Amino acid sequence: MTSDPAVIAAAADAVPEVSLEGIVKRYPGVVALDGADLSIRPGEVHGLVGENGAGKSTIIKVLGGIVPADAGTIRLHGEQVTRPTPSVISSLGVRFVHQELSLAPDLDVAETVFLGQEATVGPFLSRSQMRRAASNFLESYLGASISPTRLARDLSPAERKLVQIARALVDGQARVVVLDEPTAPLAAPQATQVFEAVHRLRDAGVSVLYVSHYLSEVQTICDRATVLREGRTVAVVEGDDLHSASRLIELMAGRRVDELFPTAPHPPADTPPLLRVEHLGLDGAFDDVSVSVRPGEILGIAGLPGSGRDALTDVLAGLRAPTRGRAALAGRDLPRGSRAASARRGIGLIPRDRRGSGVVLDLSVGDNLVLAALRSVSRAGVVNGREARSTARRTVEALGIRTPSIATPARLLSGGNQQKVVVGRWVAVDAPVLILEEPTVGVDIGAKTEIYRLVSRLATVGTAVIVSSNDTEELAGIAHRVLVLRRGAVVADVDTDEADADRLLALVTGLERPEEAVHG
Ligand SMILES: Nc1ncnc2c1ncn2[C@@H]1O[C@H](COP(=O)(O)OP(=O)(O)OP(=O)(O)O)[C@@H](O)[C@H]1O
Ligand SMILES: [Mg+2]
């Protein structure tokens, strides 16, 4: 960022690198974009913010030539682009990292990084050179060591995102890079690598469009930001307006948003545990985890990727069988390694990989919402349609899910709204234990508040809630206690009355000595 007024004035006068004017995009029953404008100056990092469904991904797809606009003009480097197609746009130097993590599952990392770039780099590289180049780029540019021969389908969401970013940048020809929620699946240290990559791009004179629900990210790395609301550009902010979170939120929501974290009361100290975990271990993932959760208690789980956090929730949810130890619900051992049996025992799960196992994209919003509640809306295996529909409508209302109707296929909803559908599904069931993994990744501040409110409401009525999250602020805000895992071991079990987000982050990353934090 420069603070030289003469340089700033020159940039403001320069022909915008990208200029979208009056973009309209209608879908059946939805106006996704209603005359939106977006202008990016040469060499600036420009933020794009807005609530779920505001039209952020759509305007990016219009710019990318993936989605045709019904009206409006696109100019790149001052020239109008009359027929935007992905290849025309790409040849003009605009690169995209889309929000979706869709990679061809059977290609390896090197092939994925270079796919479609044969014309610029491909023919000059042998297979082994390609592998070396891919892994060098990932390592040096994104600080990620990912073997170039691994298949896309075996990568974690974070690794997939990093490969997707590498793919957009590897040819070094980008003039404009568009990043749609790039850090959503990433943990803090990896997100930092992405910020560094953004800074490097800016230093090289490349313009960046940065979409994120993490307003603090946008405030830190962007020079200006466009705020979209219901398909329209409501403001382009910089300076103090950009750096005021309440101002941004107000612009996004069109209203003031109050307190983010509601507080669920601690359950009485003499409440016996509902879920009791003793010396649980899974080879190669974690060992000797003992913890108990009482009804009405919200237990957070913190830990970097590879800390064993995901494996632990997998075991608790029945997705994988433990190697050692036991987990019991209300005194009875839980099934080992059967998700279906665990669900029947009342372990609800809102999984981290929502595209894979969360939302059934081809089903309607309504069917998705009643999927887990099927038993409560059916008698003797016959679904009561009316009851199912009214359950679904109630959930849509309660979570503010933006959908034309409950009959709309889930695939047509925006990313964040799909997420609310997954959360809503388990809310409709009275599961005694609910495990939520990354419950608010990709959801806007309004929906976040709704989800936190729901979690605390569930706890208040006696659900034992487990929240596993990358976001230490979220854990500090919503959980009563947080279990911190590092390299497969529990390094702390702290009360959030005593540990704030920074303290949790220090524990997670190991920048603090663990001994003083362990208690109980
Ligand atoms: N292919 C489609 N068919 C029908 N409706 C769509 C389609 N794609 C998007 N929409 C609708 O257009 C609106 C804007 O969606 P978009 O994905 O652009 O939102 P977004 O701002 O990216 O939200 P999020 O923060 O949740 O990612 C939403 O109401 C969405 O349901
Ligand atoms: Mg989006």
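Colleague: Where does D223 lie?

Modeller: In this predicted model, D223 lies in the loop between α8 (215-221) and β9, where helices (H or I, at least four residues) and strands (E, at least two) are DSSP runs numbered from the N terminus. Residues are numbered from 1 along each chain as its sequence is written, local features need pLDDT of at least 70, and side-chain atom pairs count only at pLDDT 80 or more.

Colleague: Is D223 buried or exposed?

Modeller: D223 is buried, with a relative accessible area of 19%; buried means under 20% relative accessible area, exposed over 50%, and partly exposed in between, with a 1.4 Å probe and protein chains only.

Colleague: And which side chain does D223 have a polar contact with?

Modeller: The side chains of D223 and R202 are joined by a polar contact of 2.9 Å, a polar contact being a pair of N or O atoms within 3.5 Å, of which, within protein, one must be able to donate a hydrogen and the other to accept it, while residues adjacent in sequence count only if both atoms are side-chain atoms. A polar atom of the D223 side chain also lies 2.7 Å from the backbone nitrogen of V45.

Colleague: V45 is in β3, then; which way do the residues of β3 point?

Modeller: V45, G47 and V49 point one way from β3, whereas H46 and L48 point the other way, and all are buried.

Colleague: How many bridges join β3 to β8?

Modeller: Four bridges join β3 to β8 (residues 207-211), and the two strands run parallel; strands pair if DSSP finds at least two bridges between them. In this pairing, V45 stands opposite V208.

Colleague: What about L48, which residue of β9 is opposite?

Modeller: L48 stands opposite T226 in β9, a strand that covers residues 224-229 and runs parallel to β3, with four bridges joining them.

Conventions: Chains lettered and ligands numbered in written order. Heavy atoms only, no water.
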